[in-house]
Structures are given as structure tokens and as C-alpha cells.
Amino acid sequence: MAIGRMFRKQDAWLMVDSVCISACVLILAGAVDRQIGTAEVGIHRPYFGTTPDKLVKTDQVKQAYLRMLQDMRSYLREMDIPQRLADDMLAVEPERVHILSKAELTEYRLAGVDPAEQQRRAIEKEARDVDEANQLGLDRKEYTRRKSLGEKTMRICGRR
């Protein structure tokens, strides 16, 4: 989650080109632009890593696990990821992995551009377009018409 927060703070994009399982999904949630391609993204219930030389009492595990689940849900809310992801992660045993379908990736908002980032980009683009229209001495409607005409011409000429 700390890595995901760093990604979010930097408005970073993330390209998954192989496998993203377990904690990788939480990192993926932090990126503002998530490109998956043909990669496999899988979820399972989080678990504590233990060692034989460090015994942990059951009550300690229960308390720590509850805190971890609260932290994870808070993180997913912060990243604008549906809470259902946490619920579905909990339903998959750690020794199993559920590979998410394209539909699930979309439903959990783990693929594509984050809605807040889409809004930020739209605002930036609009500001640039208005600035360019002003520099050309055009009103916004005429600028948009000419821009559209230019894009159509470029497609016809095969430049795109």
C-alpha cells in the first residue's frame, strides 16, 4: 500500500506485462493509469508471514489481521477502488489465486485510467485548447470545428 501511495502521489502509470498477484494488486490500485494487456492479475486473501522462531499468539493475529483489513479497506477507498475487491479477496484462500477476468478488472477499476485522473486530464486539455484558441484568435466553437476537420484530414491522408 505504501508503494501504491507513492505511485498515486507521483501520478504514475503502471504497465503489467506478465503476472500481478497478491500484494501487486494493491500496488496496481495506486497507479493513476493501469495498463494490463494480456497479463494475469490475481487475488487471494492476505496472510501473515511467520517463522518457526517467532511464535505469534492467536489473539495477536486476530487483532493485527483486523487492523490490516481496516487499513486495506481505507487504502482502497483512498484509491477509489470498489470495496467489493476487499470482500472478494477475503473469499479466496491464500493457497489459491483467482485470476481476474477483463470484466472484473474493469469492475474493480484496476484497468485503464482512474476517474480522478481522467478528470484532471480533461481539465488540463480544456485549458490548453482554450489557450490555443485564444492564441489563434478563434472562439472555442470555431477552434473545435477546425481541430476536428484537421484530425479528419490527417486520418484520410493516412498520417495517424
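Helices (H or I, at least four residues) and strands (E, at least two) are DSSP runs, numbered from the N terminus. With that in hand, welcome to the tour. This is a predicted model, where local features need pLDDT of at least 70 and side-chain atom pairs count only at pLDDT 80 or more, while totals for chains, interfaces and linings use all residues. Residues are numbered from 1 along each chain as its sequence is written, and side-chain values use heavy atoms, leaving out hydrogens and water.

Start with the whole protein chain as a cartoon.

Now zoom out. The C-alpha atoms fill a box of roughly 75 × 30 × 25 Å along the principal axes. The radius of gyration (taken over C-alpha atoms) is 22 Å, whereas a compact globule of 160 residues would have one near 15 Å, by the rule of 2.2 Å times the number of residues to the power 0.38.

Next, select residues 33-35, which are strand β3. Which strands sit with β3 in the sheet, and in what order? The order is β1-β3-β6, an open sheet with mixed pairing; two strands pair if DSSP finds at least two bridges between them. Show Asp33 and you will find Val113 of β6 opposite.

Finally, colour by burial: 30% of the 160 residues count as buried, meaning under 20% relative accessible area (1.4 Å probe, protein chains only).

Conventions
Buried means under 20% relative accessible area, exposed over 50%, partly exposed in between (1.4 Å probe, protein chains only).
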